[in-house]
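Here is a short report on one protein model. Have the sequence and the 3D view open as you read.

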Amino acid sequence: MRCKTLTAVAGALLMLTAGCSTVEKIVYRPDINQGNYLAPADVQKIHTGMTKQQVAYILGTPMMDDPFGNNTWFYVFRQQPSHENVTQQTLTLNFNEAGVLTNVNNKPKLTD
């Protein structure tokens with residue numbers, strides 16, 4: 001009888017602690033990286049006046065083009081470490097009609 005009681009108490013205790021956040025940290029969750037990883041050194045090489053070919057040589061092809069024209073390129077990198085908050089870095093490049101880089105918008109700034 002005592003064994004059954006201890007088993008029932010252990011089972012109830014296990015079920016109550018299964019939802020605790022400390023138990024969640026024990027479970028392995030891989031890092032999830034999506035998009036274009038851009039090294040800060042490569043981003044610093046980009047400046048206005050460059051052509052699309054020069055930019056593509058340094059950064060690679062963009063993740064997205066502007067669906068209403070091809071004068072805006074988006075480099076998006078989204079990172080979700082195992083049990084941490086999601087971070088996203090977006091580099092937006094605007095080109096003029098001649099294919100020359102006119103504006104660089106980097107949110108948030110890529111740091112070393």
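Among contacts in the protein chain between residues at least 6 apart in sequence, what percentage join residues at least 24 apart? The share is 43%. Note that this is a predicted model.

**Overall layout**

The protein chain holds 4 helices and 5 strands. Their order along the sequence is α-α-β-α-α-β-β-β-β. The chain has 112 residues, and 21% of them count as buried. Its accessible surface comes to about 8300 Å². Carbon and sulfur atoms account for 58% of that surface.

**The nonpolar core**

The largest nonpolar core has 12 residues in all. Among them are Leu38, Val43, Ile46 and Met50. Val55, Leu59, Trp73 and Tyr75 belong to this core too. Leu91, Leu93, Phe95 and Leu101 are also members. At least two core residues come from each of α4 (52–59), β3 (72–80) and β4 (87–95). The biggest contribution is from β4, with 3 residues.

Take leucine 91, a member of this core. Setting aside neighbours within four places in sequence, leucine 91 is in contact with Leu38, Val43, Leu59, Trp73 and Tyr75, among others. Its contacts also include Phe74, Val104, Asn105 and Asn106.

Asparagine 36 lies in the loop between β1 (32–35) and α3 (40–45). Glutamine 79 is in strand β3. Is asparagine 36 buried or exposed? Asparagine 36 counts as buried because its relative accessible area, 17%, falls under the 20% cut-off. Glutamine 79 has 30% relative accessibility, so it counts as partly exposed, a class that runs between 20% and 50%.

The table sets out the two residues.

| Residue | Relative accessible area | Class |
|---|---|---|
| Asparagine 36 | 17% | buried |
| Glutamine 79 | 30% | partly exposed |

What does asparagine 36 touch, not counting residues up to four places away in sequence? Its partners are Thr61, Pro62, Met63, Tyr75, Val76 and Phe77. One of these, Tyr75, is also a member of the largest nonpolar core and a contact of leucine 91.

How far apart in space are glutamine 79 and glycine 35, C-alpha to C-alpha? The distance is 8.8 Å, although 44 residues separate glutamine 79 and glycine 35 in sequence.

Notes:
Residues are numbered from 1 along each chain as its sequence is written. This is a predicted model: local features need pLDDT of at least 70, side-chain atom pairs count only at pLDDT 80 or more; totals for chains, interfaces and linings use all residues. Side-chain values use heavy atoms; hydrogens and water are left out. A nonpolar core is a set of buried Ala, Val, Leu, Ile, Met, Phe, Trp, Tyr and Cys residues joined through side-chain atoms within 4.5 Å. Buried means under 20% relative accessible area, exposed over 50%, partly exposed in between (1.4 Å probe, protein chains only). Contact means heavy atoms within 4.5 Å. Accessible areas come from the Shrake-Rupley method with a 1.4 Å probe; for residues, only the protein chains shown count as cover.
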